[in-house]
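Thanks for coming. I will go through one structure this morning, a part at a time, and you can follow along on the screen.

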Amino acid sequence: MSDSRWLDSTARLAIRGRPLSRPNPAVGCILVRDGIVVGRGWTQPGGRPHAEAMALRQAGDNARGATAYVTLEPCAHASNRGPACSALLIAAGVARVVVGCEDPDPRTAGKGIAALCAAGIGAATCDNAASRDSLAGYLLREASHRPLVTLKLALSLDGCIAMADGSSQWITGPAARAHTHAVRARHDAILVGGGTLRADRPRLDVRLPGLGERSPARWVLSRGDAPPGWSALRSPGDLSPLLPAQYLMVEGGAETAAAFLCAGHVDRLLIYRAPIVIGRGMAGIGDIGLCALTDAHEQWQLRDRRMLGKDTMELYERIPCLPA
């Protein structure tokens, strides 16, 4: 199997670490020797042990002479929680290290690869798309000092999120709702507007068997105080209080969705469409100040579409795409 395909597999493995690896990125590592996988690992809760340490622990002596596939450049700095991953790979005697994405952290950027090469290990970065995608929240946080924001909307075919009187349970079916909970489980935090909080008192937790511990932190867009168990964000333009979060999910309502879109802080649109027509209802998104139809074109590209029971899920990504 080619290096790129091994890295694709490693990226899928890395996602298992989200979001519990925070504040560290969720990284994956696979050790391959003579075409056989001898070790797998991903970043553990709280950020340690790192993926490389987990894979090396599983491989044991079989790591000697193996190729290590890692989604993110192995760290070059030791800490009081353990040695640098580049040092661990060198000590284990791996023959090659193939990296999917260079680490933008100045403590490591280029230094991890340099340390491996200085030790006589063949090391290179492949600029792997799957690796970058698995690290999108971390890369955006490092580049722009804010989390990656996914705006989730559950809509009727005519773009409504509720009846005119505000009733909205349930627009989508059980399969779409279960998918929403699975997506929540991969986010550090989830946010609604003050109106939604007051009207619905949403739980915003993950209600899937075995995933309750992955329920995200709860935030509300409000200039007032947040209720117990919640935190307040005063405006979409100031996401710094959400750090070290890497992934934020925004679930409504219409004015909150519009506020994040107007601020340019929506990176992905996750839309669930139910095969119903409401007519006179509440629109999914409020006024975003669009003056000309031409300004609305070529802003989003479709990344994924699938059927969930009778409902359709569509995932869009903003153009230009997230920083490499």
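**Helices side by side**

Helix 3 and helix 4 cross with a right-handed sense. Before going further, please keep in mind that what you see is a predicted model.

Let me stay with that pair. Two packed helices are described by the angle between their axes and by the distance between those axes. For helix 3 and helix 4 the angle is about 20 degrees, and the axes are 9 Å apart. Angles under 35 degrees count as roughly parallel, so helix 3 is roughly parallel to helix 4.

Which residues meet there? From helix 3 come S86, L89 and I90, and from helix 4 come G112, A115 and L116. By class, this contact of helix 3 with helix 4 has 4 nonpolar, 2 polar and no charged residues.

Take A115 from that list, which sits in helix 4, residues 111–118. Is A115 buried or exposed, or something in between? A115 is partly exposed, because its relative accessible area is 28% and the buried class requires a value under 20%. Setting aside neighbours within four places in sequence, A115 is in contact with S86 and I90. A115 and S86 are 29 residues apart in sequence, while their C-alpha atoms are 6.8 Å apart in space.

Helix 2 covers residues 51–59 and helix 3 covers residues 85–92; they pack at an angle of about 20 degrees, with axes 9 Å apart. That makes helix 2 roughly parallel to helix 3. What is the handedness of this crossing? The crossing of helix 2 and helix 3 is left-handed.

The residues that meet are E52, A53 and L56 on the helix 2 side, and C85, L88, L89 and A92 on the helix 3 side. Sorted by class, the contact of helix 2 with helix 3 has 6 nonpolar, no polar and 1 charged residues. L89 is named in the contact with helix 2 and also in the contact with helix 4.

An α-helix has 3.6 residues a turn, so residues three or four places apart point the same way.

**Buried residues in helices**

Staying with helix 2, its buried residues include A51, E52, A53, A55, L56 and A59. What covers them? The cover includes strand 1, strand 2 (36–42), strand 3 and helix 3. After helix 2 comes G60, with a positive phi near 60 degrees.

Just after helix 6, H145 has a positive phi of about 60 degrees.

In helix 9, residues 254–262, the buried residues include A254, T256, A257, A258, F260 and L261. Just after helix 9, G264 takes a positive phi of about 75 degrees.

**An aromatic pair**

How many aromatic pairs does the count give? The count comes to 1 aromatic pair. W6 and Y69 form that pair, and it is stacked, at 5.9 Å centre to centre with 25 degrees between the planes. The pair links distant parts of the chain: W6 is in helix 1 (residues 3–14) and Y69 is in strand 3 (residues 67–70), 63 residues apart. W6 and Y69 are both buried.

**Two single residues**

H181 belongs to helix 7, residues 174–184. H181 is buried, because its relative accessible area is 9% and the cut-off for buried is under 20%. Not counting residues up to four places away in sequence, H181 touches D205, V206, R207 and L208.

The other residue is I15, found in the loop between helix 1 and strand 1 (28–33). I15 is partly exposed, with a relative accessible area of 22%. Leaving out neighbours within four places in sequence, I15 is in contact with S134 and R186. I15 and A245 are 230 residues apart in sequence and 15 Å apart in space, C-alpha to C-alpha.

That is the end of my part.

How values were computed
Residues numbered from 1 in each chain as written. Predicted model: local features only at pLDDT ≥ 70, side-chain atom pairs only at ≥ 80, totals over all residues. Heavy atoms only, no water. Axes fitted to C-alpha atoms, helices over the stretch in contact; angles between N-to-C directions. Helix = DSSP H or I, 4+ residues; strand = E, 2+ residues; numbered from the N terminus. Parallel < 35°, antiparallel > 145°, perpendicular 65-115°, else oblique. Left-handed = near helix turned anticlockwise from the far one by under 90°. Contact = heavy atoms within 4.5 Å. Nonpolar A, V, L, I, M, F, W, Y, C, P; charged D, E, K, R; others polar. Buried < 20%, exposed > 50% of the residue type's maximum accessible area, 1.4 Å probe, protein only. Phe/Tyr/Trp six-rings, centres within 6.5 Å; stacked < 30°, edge-to-face > 60°.
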